[in-house]
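Student: I would like a close look at one part of this protein, namely the strand pairing towards the end of the chain. Please also describe the helix packing and the confidence of the model.

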Amino acid sequence: MVISMAEEHGKKVEGDSAEEVKEQAEYTPSVQSDFLREKMKQRPVNKRKLLRRTIITAVMAVVFGIVACLTFLILEPVINNWLYPPEEAKEVQFPEETITEEMNPEDMLTVDEPEEEVPPIELVDEQIQELLSQVRFGLEEYGNVYDELSALAQDISRAIVTVTGVISDVDWFNNIYESEAVASGVIVANNEQSMLILVNMKNIKDAEKIVVTFCDQTQTVARLVQKDASTGFAILSVSLMTIGEKTMDVITIATLGSSNTGNLPGTPVMALGSPMGTSGSVCYGIITSSSTVIDQVDSAYKLMSTDMYGSKNATGVLVDLKGMVIGIIDNSYNSSDRGNLISAYGISELKRTIAKMSNNQYRAYLGIHGADVPLEAILESDVPRGAYIKEIEMDSPAMTAGIQSGDVIVQINDTEIATYSELLNELYNSSPDDVVTITLMRQGIDSFQEMKVTVTLARRE
C-alpha cells in the first residue's frame, strides 16, 4: 500500500515537471521552434541626414540669436524710457544785462546844471617823492603778476575744449583717408541732459564726425545742435552719459560776462583756446577798439580788436581779469593793415543767439540790414527817430511785404522802435511764421509819410 502511494506520487511529480517544461518552452527562445526564432538588428545611421539636421539646428540657433538681439536693441530703449522716462532738457537762459538807457536826442539838448566842483588836492614835491618811494615794482612783483595770470588762465581752461572735425577724402590713388580740422570751443551750459559747447565752425564746417577733447584729454563724440549762418558759430551737444565722473569733476561751465561797458578800450584781457593756431595757447594783452560793428542780416555785432598777434585761423575766447568770457575770437573780419591781430565778437550781442541755438529754437527772419538814425539827421533833416533800413535781402519777407531801403521803422505791433537794437530785440523775441504789423516812415516829396505793412516772418536757417 505504501509502495503504491509512492509510485502514484512519483507519477504526479513527473507529470507536473512535463507541464512546467512545456510551459517554459513557450516563453524561452532556446526551446522554441526554429520558425519562431527572430534576430533584432540595429537600424543603420544616415550620416548625411544627421549632418543636415545638425546644420539646420545650428542655423536656426544663430537666426534666433540674431532676432533676439535685434528685438532687444529695438525694444530696450522703449522699455527703458517707459520705465524710466528721461527728464526734459532744461531751457538755457542767460541773465539780462543792465544796460545804461540811451538818451533821447531831445534830452541831449537840455542844459544840465553845473555840478559843484571839488577843489583838487595839491601835493608838494616832497609828498609826491615820498609816495613814489613807497611804490616798488621790481622783477619779483612783475613775475608775481604773470603767475596770477597763468593761474587764472589754467582755471578758465577747464571750460575750454578742443573740437576736431573728421573729414573723409580720396587721394590720387583712390585711397580713402581721413583728415582732421581743429578749433577751440567753450562750454556755455548744462541742460541736465548734455553739455553744450559754443564753437566757431568755419574751420570744421565740412566735418562728417565731431570729436570733443576736454581739458583732461578725455574724448567723446559730439552732436551738432544748430549753426548760425551769419556768424558761423554753432552749438555742439555732448551727452552727460558719455562723460565720466572724473571728467565731470574737472570741467567747468564758462561765465559769460559783458561787452557793453563803455570803457572797453584799454581793458586787460587774455586770449585762450587756440589764439596762436594751436590748442592750449595763451596770449595776454589789452582791448584797443570796440567801435566796429559787424553788419549782418537781422543782426549787428560788436567787433573788439586787441594788440595781441595770433593766427589768422585763431579760435577761442577773450577773457577779462575776472575770469569772465567777454568775446569769441574770429579774425575773419580783420582788415589787411591789421595783420593777424586777434579780434572777437562781443559776447553781449551773441548771448541771445547762443540761447536760441542751445534751445534749438530757430530765429525769425525778416531780411534787413539797418542802423540807428544819426542824431544830425534827426535834428537837421527831420528824419524820424527809429531803425533806418540800409539794405533788403532778396526774396526775404521784408521784400515781399514791400519794405524798401531808406525806410525808417518806428513801430512793430504795439511796440515803439527808437533804435535798430530795439528792432532786433523784437525780432529775437518773435518766432518763425509770426505775423507782425510794421509801421514805417517813407520819404515823400516834402516829408516822410507813415505806412503800415503786414509781414509774415520766416525761419532763419
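Tutor: Strand 15 and strand 16 (residues 408-412) run antiparallel and are joined by two bridges; strands here are DSSP runs of E with at least two residues, helices are runs of H or I with at least four, and both are numbered from the N terminus. Two strands pair if DSSP finds at least two bridges between them. Ala387 has Ile409 of strand 16 as its bridge partner. Strand 15 (residues 387-392) also pairs with strand 14 (residues 368-372), in the antiparallel sense and over five bridges. There, His369 is bridged to Glu391 of strand 15.

The model is predicted, so local features require pLDDT of at least 70 and side-chain atom pairs pLDDT 80 or more, while totals for chains, interfaces and linings use all residues. Residues are numbered from 1 along each chain as its sequence is written, and side-chain values use heavy atoms, without hydrogens and water.

As for the helices, helix 7 (residues 347-358) packs against helix 10 (residues 420-428) at about 10°, with the axes 12 Å apart; axes are lines fitted to C-alpha atoms over the stretch in contact, and angles run from 0 to 180 degrees between N-to-C directions. Helix 7 is therefore roughly parallel to helix 10, a term for angles under 35 degrees. Arg352, Thr353 and Lys356 of helix 7 make the contact with Leu424, Asn425 and Tyr428 of helix 10, where contact means heavy atoms within 4.5 Å.

Regarding confidence, the protein chain averages a pLDDT of 81, on the predictor's scale from 0 to 100 for each residue.

Technical notes
Angles under 35 degrees count as roughly parallel, over 145 as roughly antiparallel, 65 to 115 as roughly perpendicular and the rest as oblique.
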